Amino acid sequence: MEITVLDRSRVFPSEPPFAADHVLPLSSLDTDPNLHVIVRYLRVYKNASNASEISPFETIAECLSKALVYYYQLAGTLRRHDGRLELLCSSSHGATLIKATANRTLSSLNYLDDPAAHFVEQLAYDPDVETGLDNPFTLQVTRFECGGFALGATVHHALCDGMGSTQFFNAMAELARGLARPSADPVWDRAGLLGPRDPPRVEFPVSEVLGLDKELAPYSRMDNGPVVRECFDVKDEDVERFKEDLFEQCGVKFTTFEALGAYIWRARVKIAGVPDHEKVKFAYSLNIRKLVKPPLPGGYWGNGCVPMYVQLTAKEVVENPIWETAGVIRESKRNATDEYVRSFIDFQEINFNQGVTAGKGVSGFTDWRHLGHSTLDFGWGGPVTVLPLASNLLGSTEPCFFLPHSSANAEKKDGFKVLVCLPLRWLPAFREEMRKLSACHNGAALAHL
């Protein structure tokens with residue numbers, strides 16, 4: 001497949017949103033070194049009946065310009081000041097929009113439901129670290145021969161998390177559909193709402209899972225060869241049977257994220273051959289918007305999640321019954337308190353220059369099945385496929401995503417898909433572990449997984 005870039009331009013707010021250039025501070029969560037990464041993902045839209053009358057290029061450019069009046073910070077530039085990031089907002093700097101075409105139809109590409117296809121990388125801008133600071137927000141619209149298009153987003157994580165960016169894209173979609181203004185009023189007050197206490201204090205033992213190492217970059221990884229993506233289809237009946245088996249063993253009802261997360265974590269640690277005594281971590285994000293006291297305002301669109309870590313030895317993960325590991329993941333949610341959030345922020349503040357790190361043995365997990373992507377309708381209907389392209393997440397260089405199937409794929413209405421990033425040489429063994437999961441029919445079989 002050939003992808004041709006037609007144009008690369010700056011898009012400015014349709015009305016001047018501020019009178020003078022200025023600098024905005026970020027929150028302590030925004031400046032977490034683990035968030036100094038570029039997040040890339042795709043939303044795929046089918047051709048609409050009125051596609052000949054509507055240009056996705058013109059529509060996206062116009063609604064982006066209108067939305068930047070309310071979210072002008074996305075047209076800013078990140079820069080370092082005393083080792084931390086801050087945002088420079090200048091009237092001379094707009095958001096970047098790339099227009100491209102592809103010489104295939106979406107149906108012939110299964111609506112981009114396969115993340116392993118090499119060409120998906122060309123559908124979202126992929127900057128290096130420094131360029132990502134200069135252009136922290138870039139959109140790419142790629143139109144296919146069928147009239148459908150892919151909207152590729154490239155967002156520096158210091159600006160917002162998944163929920164924050166979804167709020168912005170909702171605003172774009174609402175303006176594209178003719179609303180006079182977005183339904184949600186954006187709230188910026190990053191430093192005020194999620195800054196350190198005065199004086200900062202750490203009353204929750206976050207140091208048990210976070211360490212200090214100036215020499216260890218936040219996303220250091222062992223050299224296990226090239227990392228690749230692969231998707232695994234997971235049927236609802238297989239997951240439910242698996243959870244029933246765990247319930248029979250321990251009397252606890254686990255969520256899909258807890259049960260399947262524990263299974264995949266064990267498979268990865270076992271395949272990697274981690275020495276028994278080494279500590280490994282299961283990491284996931286927790287939405288704190290309603291957890292903190294007082295709750296964050298409804299329109300807050302900065303990073304509103306904190307990482308949660310489950311730490312065990314490699315031997316415990318591999319040899320303990322899966323229900324025990326799932327139980328530890330479940331129990332970790334009890335740590336989700338306002339004090340945990342404030343202590344996490346204050347630990348970052350006190351030790352910022354000491355190199356806060358979660359270490360190398362981190363497996364990052366996130367669930368995208370219920371993020372509300374289907375509401376992002378620019379006039380063609382919602383996206384049929386949502387696909388993350390990120391390789392760094394929560395301190396992990398090999399993240400795992402739970403994703404919905406493409407709604408355009410009529411053959412896959414049951415279940416969901418698990419997208420993993422793994423060293424290529426581990427894939428055969430991991431495929432076998434996922435095969436065992438689908439072949440499991442009873443507790444006896446589970447005991448031999």
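Gln122 sits in the loop between strand E6 (95-102) and helix H2 (129-134); helices (H or I, at least four residues) and strands (E, at least two) are DSSP runs numbered from the N terminus. The model is predicted, so local features need pLDDT of at least 70 and side-chain atom pairs count only at pLDDT 80 or more, while totals for chains, interfaces and linings use all residues. Residues are numbered from 1 along each chain as its sequence is written, and side-chain values use heavy atoms, with hydrogens and water left out.

With 39% relative accessibility, Gln122 is partly exposed (buried is under 20%, exposed over 50%, partly exposed in between, with a 1.4 Å probe and protein chains only).

| Residue | Contacts |
|---|---|
| Gln122 | Ile3 and Gln140 |
| Leu139 | Ile60, Leu64, Thr96, Leu97, Ile98, Leu151, Gly152, Ala153, Phe169 and Met172 |

Leu139 also features in the largest nonpolar core, which has 134 residues. Such a core is a set of buried Ala, Val, Leu, Ile, Met, Phe, Trp, Tyr and Cys residues joined through side-chain atoms within 4.5 Å. Because domain 1 (3-191) and domain 2 (208-371 + 386-439) both contribute residues, this core lies between them; the domain bounds come from an automatic or database assignment.

Now to the sheet: three strands form an open, antiparallel arrangement in the order E2-E5-E4, where pairing takes at least two DSSP bridges. Strands E2 (22-25) and E4 (77-81) stand at the edges, each with a single partner strand. Five bridges join E4 to E5 (residues 84-89), and Arg79 has Glu86 in E5 as its bridge partner.

How values were computed
Contact means heavy atoms within 4.5 Å. Lists of a residue's contacts leave out its neighbours within four places in sequence.
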